[in-house]
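Subject: Structure handover

Hello,

Here is the structure I said I would pass on. Please open it alongside this email and follow the notes below.

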Amino acid sequence: MITIKTCAFFFLWVAFFPLVVHGQAKSSAQDWDRVVRAAEKEGQLTAYIAGYDALVSAGVFQKAYPKIKVLSVTGSGSQLAPRIAAERRAEKYLADVYGGGGNSLFQVLYQGKMLDPVRPALVHPEVADESKWWEGKHKYVDREGQYIFVYEGNVSAGATPGFNTKQVNPNEFKSYWDFLAPKWKGKIVSVDIRRVRGAGLMWQYMYYNPELGQKYIRRLFGEMEVTMVGDLRQAVDWLATGKFAICLPCRDVLDAKRQGLPVDDFEPYHFKEGVSISSAFGQVALMNRAPHPNAAKVFVNWLLSREGQILFQKVLSQPGSEKNSRRIDISHDHVPPHERRKDGFPYFDPDSPDVKDILPVVKLLDQVLAERR
């Protein structure tokens, strides 16, 4: 039963709600101005960046905030994350921000408890508004939804099979299980997760996909005489020369295709087992015990703003490797239609904490290859 008190409360809430929302927006703007002033007093920040150092070298952040000097430390995630850990063991707290791929960031820095929460640092109204992001929410890797922010979402073919265009007709394949046909025995090369850092996505997809999983990995690597390689370039070279017809899982095939070599990747949405969303190097985190915490907040908010994400797409996209921000209030026309995200599509999410652990994959592969001998 609706009482007079209930009605009175409802009308008061309706009348007061716009003031609350307006007050929050005004407060956020004030918070942002306060952080910027504090950052300018700090005068600098140090960003450790894997993969996307062009975000700093483009100089746009420096132009926007000339009072904040940026020092960037670049390298691969497998170099930078252990470097930060080693610095901290020596009581050197140098890093303010970390940007890069997910495996090293999650396994070394997050699990090593070296991060501060990002969520409370998102004080710029344009960034804090989750309606401006795909699916109406911010995306985090960690279960707490606090520490590792994901700003990139590229449609990926999952395990990313590559093929020699002179030997393989992609229309023959509708499922990953089609790679187990007898005609492909001995004609498959695979990037070895045990020796190649940064190959996690491809193996996560095969291991944690309910339509593939351990059964598929056992059959692929136990029956098909797959050649394992610990060098990405070697795998693609062998594919291009025709020594192997298929590379599964693989990487960097499209780079070779752009050089005119007879190789290609299967297109996204090709296989019935589904499609994954790849964040590539598009993850960012705040280091705890940072020497310049306010400058770090300014950098992260700028990176996740419309300006920062437009720059991200513009600077880092190239034909065949277009970058797709998770912001939805900017243009995505540069992304080919067959690689665009679809609302409500059941993507495999390799950044879900349920599928981040790659140790079970490594153990299974060791076991299968040992049995094969």
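Start with helix H9, residues 232-241, whose buried residues are Leu232, Ala235, Val236, Leu239 and Ala240. Around the helix axis they span an arc of only 130°, so they sit on the same side of H9. The face turned away from that buried side carries the exposed residues Arg233 and Thr241. Please keep in mind throughout that this is a predicted model.

What covers the buried residues of H9? The cover includes strands S8 (162-164), S9 (188-191), S10 (227-229), S11 (246-247) and S12 (263-265), together with helix H10 (253-258).

Both ends of H9 have something to look at. Just after H9 comes glycine 242, which has a positive phi of about 90°.

Next, two pairs of helices. Two packed helices are described by the angle between their axes and by the distance between those axes.

On the H11 side, the contact is made by Trp302, Leu303 and Leu304. On the H12 side, Arg306, Glu307, Gly308, Gln309 and Leu311 take part. By class, the residues of this contact are four nonpolar, two polar and two charged.

The second pair is H7 (residues 200-208) and H13 (residues 359-372), with an angle of about 80° and axes 10 Å apart. H7 and H13 are therefore roughly perpendicular to each other as well. Trp203, Tyr207 and Tyr208 of H7 meet Pro360, Val361, Leu364 and Leu365 of H13. Which classes of residue make up the contact of H7 with H13? There are seven nonpolar residues, no polar ones and no charged ones.

Then some single residues. Threonine 46 is part of strand S1, residues 44-50. Is threonine 46 buried or exposed? Its relative accessible area is 7%, and a residue under 20% counts as buried, so threonine 46 is buried. Leaving aside residues up to four places away in sequence, threonine 46 touches Leu71, Val73, Leu94, Ala95, Asp96, Val97 and His292.

In the loop between S11 and H10 you will find proline 249. A cis peptide bond joins leucine 248 to proline 249, with omega at about -15°.

Glutamate 91 lies in the loop between helix H4 (77-89) and strand S3 (97-100). Glutamate 91 has a positive phi of about 60°, although it is not a glycine. Its relative accessibility is 56%, and the cut-off for exposed is over 50%, so glutamate 91 counts as exposed.

Arginine 289 is in the loop between strand S14 (283-287) and H11. Arginine 289 is not a glycine either, yet has a positive phi of about 55°. With a relative accessibility of 55%, arginine 289 counts as exposed.

Regards

Technical notes. Residues are numbered from 1 along each chain as its sequence is written. This is a predicted model: local features need pLDDT of at least 70, side-chain atom pairs count only at pLDDT 80 or more; totals for chains, interfaces and linings use all residues. Side-chain values use heavy atoms; hydrogens and water are left out. Contact means heavy atoms within 4.5 Å. Helices (H or I, at least four residues) and strands (E, at least two) are DSSP runs, numbered from the N terminus. Ala, Val, Leu, Ile, Met, Phe, Trp, Tyr, Cys and Pro count as nonpolar, Asp, Glu, Lys and Arg as charged, and the others, Gly among them, as polar. Buried means under 20% relative accessible area, exposed over 50%, partly exposed in between (1.4 Å probe, protein chains only). The arc is that of the directions from the helix axis to the C-beta atoms. Axes are lines fitted to C-alpha atoms, for helices over the stretch in contact, and angles run from 0 to 180 degrees between N-to-C directions. Angles under 35 degrees count as roughly parallel, over 145 as roughly antiparallel, 65 to 115 as roughly perpendicular and the rest as oblique.
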